[in-house]
Structure formats: structure tokens, C-alpha cells
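Dear colleague,

Please find below the structure that I am handing over to you, followed by an account of what was found in it. I would be grateful if you could read the two side by side.

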Amino acid sequence: MSNSAINTSSITFSPSFSPNHAWTPPGSSPFRPRRDPPLLEFSLLRPCPGSLLLFLVIFIATVYFMSKPRSIYLLDFSCSKPPVTCRVPFSTFMEHSRLIHKGNMKSVDFQMRILERSGLGEETCVPPAMHYIPPTPTTGAARDEAETMIFSAIDSLMEKTGIKPKDIDILIVNCSLFSPTPSLSAMVVNKYKLRSNAKSFNLSGMGCSAGLISIDLARDLLQVHQNSYALVISTEILTSPNYYKGSERAMLLPNCLFRMGAAAILLSNKWRDSVRAKYKLVHVIRTHKAADDKAYRCVYEQEDKEGKVGINLSKDLMVIAGEALKSNITSIGPLVLPASEQLLFLFTLIGRKMFNSKWKPYIPDFKQAFDHFCIHAGGRAVIDELQKNLQLSAEHVEASRMTLHRFGNIVVFALV
């Protein structure tokens, strides 16, 4: 028999006896016919070395594949396009600004300078409520904007992928400024009649990083729930009570830069989707700076001296973004950079710590790890700063600049 099989032997044990010594069961007459004692049978399993080795290999392979993180695939994405009637050329924006800020030409001139240096084009869009004079940012108008943008993005995505609403297992919606009750995620569930056991999450107040935070959350959920689809929706609703009507310059910036839009992304952890997926999620790195007071207040919702609510963009915003970038570089560098770049970075770091702290820090060449860069279109200054710090060419940042020019600063483009 082969060594790789399990040998089974049947051994029969029988007590010794002779015809002259017949066995009689206890309590029975010796004159009854003689009966042989019952046979005792044992089956012994004797594992062979080959069998143990095969079992060990199967066990290790099973543990490895069960503990290995599931692959996450991006099947497709879709961005909603606002109606042409929502476009706001510079001339229209400034004319409305003059009518709204009567008697305060300093605010009007400030907004004009911001627009001229912003990198925005003439085809960016604001919601219908912002076209009125004065603007009418009501809750009803905000809901209308959310439904228009979110539903159009989802409809386009489902048409591209062929996914039905009943196939969605996880739903994540993020919107920083508009957080109604019922939530935006509940609005999506109600519109598309998602299953009652679908996992639904609504994120708010997380600014431009909300898109990546949503991806991070979706990744963690897809590691737990196998064979699932995750729908991630990222948007910013401008028609909200936070639309600023005052004259504080730091709070007028969002009115000049932010524009309307929404994006929907479909993620999957099903192995069969690897064939048709556009991308595979490899790393998600998040650096949290809220423990620092300046970082915590760099984008801050507040009231001005006149009690008007708005979003204050601190002058320290770019410095804080630079610090966050350094932290991210330190975290993601070892994961993606070639060994040569990692060694140069390590030697420079050791030299600054041990010999001279004034040494210029070495910025790794991320062009050796990535072919394309998707920089958040938060404004021309944001793109310029990242291009400088990462030593990127004009070609590397062209996509982000054109996104800013065509659509403006939209939180969703921190995601797609």
C-alpha cells in the first residue's frame, strides 16, 4: 500500500481454549451446547509520514488564505454633471456679489482677486438657490440639490456596471456641510429600495478628506463581509445654512472656490470581479492632525461678529497641509518606494538627528513609484505647493489643474 494512504488493520483477539475445556458463560448449565466466546475486534489507524505532511500543508495553506486580507477592486465610478443652467461665469458671479454686498466694495474686490488667482474656469457650477439675489439656502433647496447630484451619479454608475440596487451590501455617503435628518444615506436607501440588511453609513463634517476616509471605511468593511459590493458616494451640498453672507475675508473664500458635484464609486471584494475591475486598492494611508490646535481650527465652522454662519479657512492651512504631507510621505514611503530611495531618505534622517539638524530633508522621488498623481483640486495654491514639495512636472499635475479649471473645488475630486 502506498505511503500516502492511511493503512487500516483489523486484528482479531481470541482467548486460548481446547475442546476439553469448553467455555461456559457464567450462570449457565455446563450441559448446554458449547458456544465460542465473542470475538474482540479493533481497528487501528496508523498514519503514514506522507499523510501527516499532506495534512500539514493543507492546514497551513488554509490558515494563510483565511488570514490574508481580501483584495478590494474598484469596478467603476461616475461623476454627476450639473445642468448647464447652473454655470456661473466670473461676470455673473461678480455681478451677484456687487448686488449682495452693496456698500462693501472691499469684499467685492477681494472676491474678484481670489477668482482671478483661483485657477477656476468659466464653466463651474453653483446650485440654483445660489443664483437668486439674495441667495436662498433653505433646507428644501439643499435636499433638492442632494437628490439631483447624488441620484444622477448613482444612476450613471449602475448603468455602467449593470449592478442592481438589491446587489448593494454596503452604502457609505459623505457630505461635510449638509447633514439632515433623515440622513443622506437613508435618502439613498429609500430612493433605490436597498435591502433591509444592507450596511448603511453617513459621514459628515470631515471636509475634503471625507472621500478617502469613506474608502478606508469601505475597505475595512469589505475585509469582514465577504462577496460584497460597497457603494461609496461623495458630495458637497452648497445650498446649506453655512453659505456665508457676511464680509469676513477668511469666510468668503469658500464662496469663491467651492462648487457643486457628486461622485459614486463601486467597490467589490469578489474574486471574479478582478477581471473587469479598473483598479485594485493597494494602500490607504491616513494621517490624523486634529490633536494639533492649529490643524483643528484650520477649516472651522463659526459665526462672524455679526452672527452670520460660515466656514473659516485659516491662513495656516497650507502650512498644516505641508506637515500632513510630510507625515504621509513617512508612512507610505516604505510601502511603495524602491530600496534606493528608502536608503537615501533613511541616511538623511539619521544625519539630521545625529549630526546637523539644519540639513535639508530629503524628499523621496515618488515618480519612481507612481506613473500618475491625483492631487486634490482644492485651489491653485494647493496644487502648486504639492507640485513643489513632491518635485513633480507640469504634466504630472495637469489632470488636477484641468479638473479645478472645469469643475472648481469639489470635495468629490479628492476621491476620484
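A residue is called buried under 20% relative accessible area and exposed over 50%, with partly exposed in between. Please note that the model is predicted.

I begin with the annotated site. The unreviewed UniProt entry carries an "active site" annotation that covers Cys208, His288, His372, His376, His405 and Asn409. Cys208 sits in the loop that links strand E5 (199-203) to helix H6 (210-224). Because its relative accessibility is 31%, Cys208 counts as partly exposed. Asn409, in the segment after helix H12 (398-407), is by contrast buried, at a relative accessible area of 5%. Residues up to four places away in sequence aside, Asn409 touches Cys208 and His376, and also Leu257, Phe258, Arg259, Ala377, Gly378 and Leu404.

The next element is helix H2 (residues 90-100), in which Phe90, Phe93, Met94, His96 and Ser97 are buried. Viewed down the axis of H2, these buried residues fall within an arc of 160°, so they line one face of the helix. An α-helix has 3.6 residues a turn, so residues three or four places apart point the same way. The partners against which the buried residues of H2 pack are helix H3 (105-118) and helix H7 (249-257).

Strand E6 (residues 229-236) is mostly covered, with eight of its eight residues buried. In a regular strand the side chains alternate between the two faces of the sheet. In E6, Tyr229, Leu231, Ile233 and Thr235 point one way, while Ala230, Val232, Ser234 and Glu236 point the other way, and all are buried. Strand E4 (residues 170-174) pairs with E6 in the parallel sense over five bridges; here Leu171 has Leu231 of E6 as its bridge partner. Strand E7 (residues 261-268) runs antiparallel to E6 and is joined to it by eight bridges, and Ser234 has Ala263 of E7 as its bridge partner.

Finally, Thr239 is found in the loop between E6 and H7. Thr239 is buried, with a relative accessible area of 0%. Its side chain makes a polar contact of 2.7 Å with the side chain of Glu145. Neighbours within four places in sequence aside, the contacts of Thr239 include Pro127, Ala129, Met130, Thr136 and Pro137, as well as Glu145.

With kind regards

Key:
Residues are numbered from 1 along each chain as its sequence is written. This is a predicted model: local features need pLDDT of at least 70, side-chain atom pairs count only at pLDDT 80 or more; totals for chains, interfaces and linings use all residues. Side-chain values use heavy atoms; hydrogens and water are left out. UniProt positions are given in the numbering used here, feature names are shortened, and annotations may be inferred rather than shown by experiment. Helices (H or I, at least four residues) and strands (E, at least two) are DSSP runs, numbered from the N terminus. Buried means under 20% relative accessible area, exposed over 50%, partly exposed in between (1.4 Å probe, protein chains only). Contact means heavy atoms within 4.5 Å. The arc is that of the directions from the helix axis to the C-beta atoms. Two strands pair if DSSP finds at least two bridges between them. A polar contact is a pair of N or O atoms within 3.5 Å; within protein, one must be able to donate a hydrogen and the other to accept it, and residues adjacent in sequence count only if both atoms are side-chain atoms.
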